[in-house]
Amino acid sequence: MAKETSHSILKVEELSIGYKSKKGDTLIASDINFELQKGQLIGLVGANGIGKSTLLRTLIKVQPELSGRLFLNQKDLKSTSILELAKQLSIVLTEPLSSKNLSVFELVSLGRHPYTNWIGRLTEADSAIINKALTLVNITALKDKKCYELSDGQLQKVMIARALAQDTDLIVLDEPTSHLDMYHKAYILKLLQKLTKETGKTILFSSHEIDLAIQLCDTMIVMTKDQVVCNQPCQLISEGIFNALFPKDLIVFDEKTGSFRVTK
Ligand SMILES: Nc1ncnc2c1ncn2[C@@H]1O[C@H](COP(=O)(O)OP(=O)(O)OP(=O)(O)O)[C@@H](O)[C@H]1O
């Protein structure tokens, strides 16, 4: 009999996110339920301070949930060890890079860390995976450059290549388009879309580029002050979800063009 396969990579049930302190819990968002499918590009959007980074940090087990359940590849995240997690999930955060002295190849090779021995010796197979990651992101020509010699756009591609070298089913990026110009914002998100198609990996990213995310994502998670909704962009538009993102005194969402415009 054929083995049953699931297309779910990350499942979130009745999740509440926030911060615990001695004075009590600070709730940021609750009643969060969604299931992300393999091979998809998923954009997480919402206003400043709504809780996107808090949600991402909870999903990647950097901060504990207040309540609820999280499943990565059908396994409860609570019982997934750090090493197991590193083989299933890679992360690209916005913090400035502390190791800019490394060459591009060396930085991308850090992605192999969960698989190498304790001195980090690369096998031929590791090197092949690193070179493939460089090719997929189109930065092979940069491989011997030092990271401090790179522009923000180039550095972002290097960080994406490092995540690809980690060879995980799920890649999570927190605001991969911040600091980039309009062209490079579109370039990076289009690159992420291409990578989902070419590698079958699932890529979840947070962004303020809502218009671009609507055009490029298979699925979007939208955080408003009342709810967290997950659906295809066209469904979210027809449900009027984007209208609830911001106060209407300055910008409104135009359903026909699928983008925001400034009110006259
Ligand atoms: N360590 C912390 N302790 C308590 N509250 C925090 C902590 N970090 C963030 N917050 C609060 O959590 C809320 C959500 O912040 P978060 O950074 O997740 O939002 P965001 O949607 O990612 O914002 P932005 O788009 O501006 O980056 C904010 O009100 C913030 O002040």
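Predicted model: local features only at pLDDT ≥ 70, side-chain atom pairs only at ≥ 80, totals over all residues.

Reader: Which residue of S9 does Val45 stand opposite?

Author: Val45 stands opposite Val222.

Reader: And what stands opposite Val222 in S10?

Author: Val229. Met220 stands opposite Asn231 in S10.

Reader: How do S9 and S10 run, parallel or antiparallel?

Author: Antiparallel, with four bridges between S9 (residues 219–223) and S10 (residues 228–231). A hairpin of four residues joins them.

Reader: How many residues of S9 are buried?

Author: Five of its five. Both faces are covered. Thr219, Ile221 and Met223 lie on one side, Met220 and Val222 on the other.

Reader: Switching topic. What is the strand order in the open sheet?

Author: S2-S1-S4-S5, four strands with antiparallel pairing. The edges are S2 (24–37) and S5 (75–76), each pairing on one side only.

Reader: How many bridges join S1 to S4?

Author: Five, between S1 (residues 8–21) and S4 (residues 67–72). One partner pair is Lys11 with Phe71 of S4.

Reader: Which helix lies across S1, S2 and S4?

Author: H1, residues 52–59, running at about 115° to S1.

Reader: Which residues of H1 are buried?

Author: Lys52, Leu55, Leu56, Thr58 and Leu59. They sit on the same side of H1, because they cover an arc of only 160° around the axis.

Reader: What follows the helix?

Author: Lys61, with a positive phi near 70°.

Reader: Now the ligand. Which residues are around the ligand?

Author: Tyr19, Thr26, Ile28, Gly46, Asn48, Gly49, Ile50, Gly51, Lys52, Ser53 and Thr54. S2 and H1 are the elements that give two or more residues to that shell.

Reader: Which element gives the most?

Author: H1, with three residues.

Reader: How does the shell divide into nonpolar, polar and charged?

Author: Three nonpolar, seven polar and one charged.

Note on methods
Residues numbered from 1 in each chain as written. Pairing = 2+ DSSP bridges. Contact = placed C-beta atoms within 7 Å. Axes fitted to C-alpha atoms, helices over the stretch in contact; angles between N-to-C directions. Near = placed C-beta within 6 Å. Nonpolar A, V, L, I, M, F, W, Y, C, P; charged D, E, K, R; others polar. Buried ≥ 20, exposed ≤ 12 C-beta atoms within 10 Å, placed from the backbone. Arc of directions from axis to C-beta.
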